[in-house]
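Subject: Handover of a structure and notes on its packing

Dear colleague,

Please find below the structure that I am handing over to you. My notes on packing and charged pairs follow it.

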Amino acid sequence: MARTSKLVSLEDAVADVKDGAAVGLGGWIFHSQPMALVRALVRQGAKDLDLVPSPGSIAPDLLIGAGRARSTVCVFISFEQHGLAPHFRRAAERGSIQVHEMDGPGYAGGLRAAICDLPWMPIPDLATDLPKVNPAHYRPLPTAPGERRLLAVQPIRPDVCLLHAQQADEFGNVQFLGAPFFDVMLAQASRRVVVSVDRIVSPETIRRSNHLTKLPYALVDAVVEAPFGAHPTASAAIYRADEAHLREYVEASAKPEGFGAYLERYVSGAGENSAYLDRIGGGRLSELAVSESNVA
């Protein structure tokens with residue numbers, strides 16, 4: 001049976017994201033954040049989004065700063081050595097975004113509940129205040145005396161999830177050259193799965209290293225070829241995180257006019273991924289690329 005290509009443009013990949021959609025974001029802090037897709041989503045204009053990020057940084061923070069999000073279900077959003085996530089922090093402090101705070105077991109359990117199409121998933125009660133802070137997602141389960149205390153977590157089911165991986169074929173067989181983090185679970189739990197990759201390879205390449213295929217084509221709705229599509233975060237075995245750009249983002253986010261200029265230069269004013277990369281500069285991208293002589 002003939003297979004259908006799932007290769008689409010950045011704009012087409014996010015065109016169907018509606019106002020009020022629950023949007024999952026893959027990656028892990030400064031690794032494999034789906035930045036090319038996030039920038040395209042900001043340009044697309046969908047608003048009142050309910051963000052469901054894995055532990056992240058610039059991807060959810062950019063959507064919050066651009067005024068696209070109304071809530072987030074998250075473990076944490078952080079810029080680690082660069083400080084707190086500027087827009088997430090301000091929005092949380094002002095109450096302009098609703099924050100559903102979770103821990104790792106709760107986030108994973110919520111995804112598993114959605115994957116299994118269950119009304120809830122049991123997880124250990126780690127004696128935190130999360131059932132009080134976030135009663136919409138956690139509730140105590142009855143247990144007998146002496147049994148381990150358990151919590152029920154509600155399903156986390158994004159309408160669409162945006163992921164970044166290193167390579168795929170045009171049919172949507174996606175390969176990770178490093179850790180997939182929560183990406184596979186996010187894909188299984190989501191109604192629609194969109195993946196950007198640094199390169200499109202042949203089906204023969206996929207078959208030769210089939211152990212790297214973490215997302216088979218049946219799970220993927222659209223794939224986008226976006227070289228350096230995770231920049232300024234890293235993509236395993238291909239390029240490192242751009243620390244200078246992350247600092248530039250945090251500094252620009254200190255004031256509205258600075259962030260407005262950042263959006264104009266790198267998001268609204270860079271309608272194609274190639275235009276964005278031109279603004280970063282070939283020399284800088286070459287410095288970030290991983291090679292046998294540049295692996296630190």
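A residue is called buried here when its relative accessible area is under 20%, exposed when that area is over 50%, and partly exposed in between. Please bear in mind that this is a predicted model.

Helix H4

By that criterion, the buried residues of helix H4 (residues 86-94) are Pro-86, His-87, Phe-88 and Ala-91. These buried residues of H4 pack against helix H3 (58-65), strand S3 (69-74), strand S4 (98-101), H9 and H10. Just after H4, Gly-95 takes a positive phi of about 80°.

Arg-89 counts as partly exposed because its relative accessibility is 44%, whereas Glu-93, at 57%, counts as exposed.

Helix H9 (residues 243-252) and helix H10 (residues 256-268) pack with their axes 7 Å apart, at an angle of about 135°. The two helices are therefore oblique to each other. On the H9 side the contact is made by His-245, Glu-248, Tyr-249 and Ala-252, and on the H10 side by Gly-258, Phe-259, Tyr-262 and Tyr-266. By class, this contact of H9 with H10 has five nonpolar, two polar and one charged residues.

In helix H11 (residues 273-280), the buried residues are Asn-273, Ala-275, Tyr-276, Leu-277 and Ile-280. They pack against helix H1 (10-14), H2, H9, H10 and helix H12 (282-288). Just after H11, Gly-281 takes a positive phi of about 100°.

In soluble globular proteins, nonpolar side chains tend to be buried together. In the present model, the largest nonpolar core has 61 residues, of which Val-17, Val-23, Leu-41 and Leu-62 touch the most other members. Helix H2 (residues 35-44) gives the largest share of this core, seven residues. Leaving aside residues up to four places away in sequence, Leu-41 touches Val-14, Val-17, Val-23, Ala-46, Leu-49, Leu-63, Arg-68 and Leu-162. There is also a second, separate core of 32 residues, which includes Val-52, Met-102, Val-174 and Phe-176.

Further salt bridges

How many salt bridges does a search of the whole structure find? The search finds nine. Glu-11 counts as partly exposed because its relative accessibility is 31%, and Arg-43 counts as partly exposed at 26%.

The side chains of Arg-157 and Asp-117 meet in another salt bridge, at 3.7 Å, N to O. Arg-157 lies in the loop between strand S7 (150-153) and strand S8 (160-168), and Asp-117 in the loop between helix H5 (104-115) and strand S5 (121-124), so the pair ties together parts that are 40 residues apart in sequence. Arg-157 is partly exposed, with a relative accessibility of 29%, while Asp-117 is exposed at 63%. Finally, Asp-242, Arg-284 and Glu-287 are linked in a network of salt bridges.

With kind regards

Conventions:
Residues numbered from 1 in each chain as written. Predicted model: local features only at pLDDT ≥ 70, side-chain atom pairs only at ≥ 80, totals over all residues. Heavy atoms only, no water. Axes fitted to C-alpha atoms, helices over the stretch in contact; angles between N-to-C directions. Helix = DSSP H or I, 4+ residues; strand = E, 2+ residues; numbered from the N terminus. Parallel < 35°, antiparallel > 145°, perpendicular 65-115°, else oblique. Contact = heavy atoms within 4.5 Å. Nonpolar A, V, L, I, M, F, W, Y, C, P; charged D, E, K, R; others polar. Buried < 20%, exposed > 50% of the residue type's maximum accessible area, 1.4 Å probe, protein only. Core = buried A, V, L, I, M, F, W, Y, C linked by side-chain atoms within 4.5 Å. Salt bridge = Lys/Arg side-chain N within 4 Å of Asp/Glu carboxyl O.
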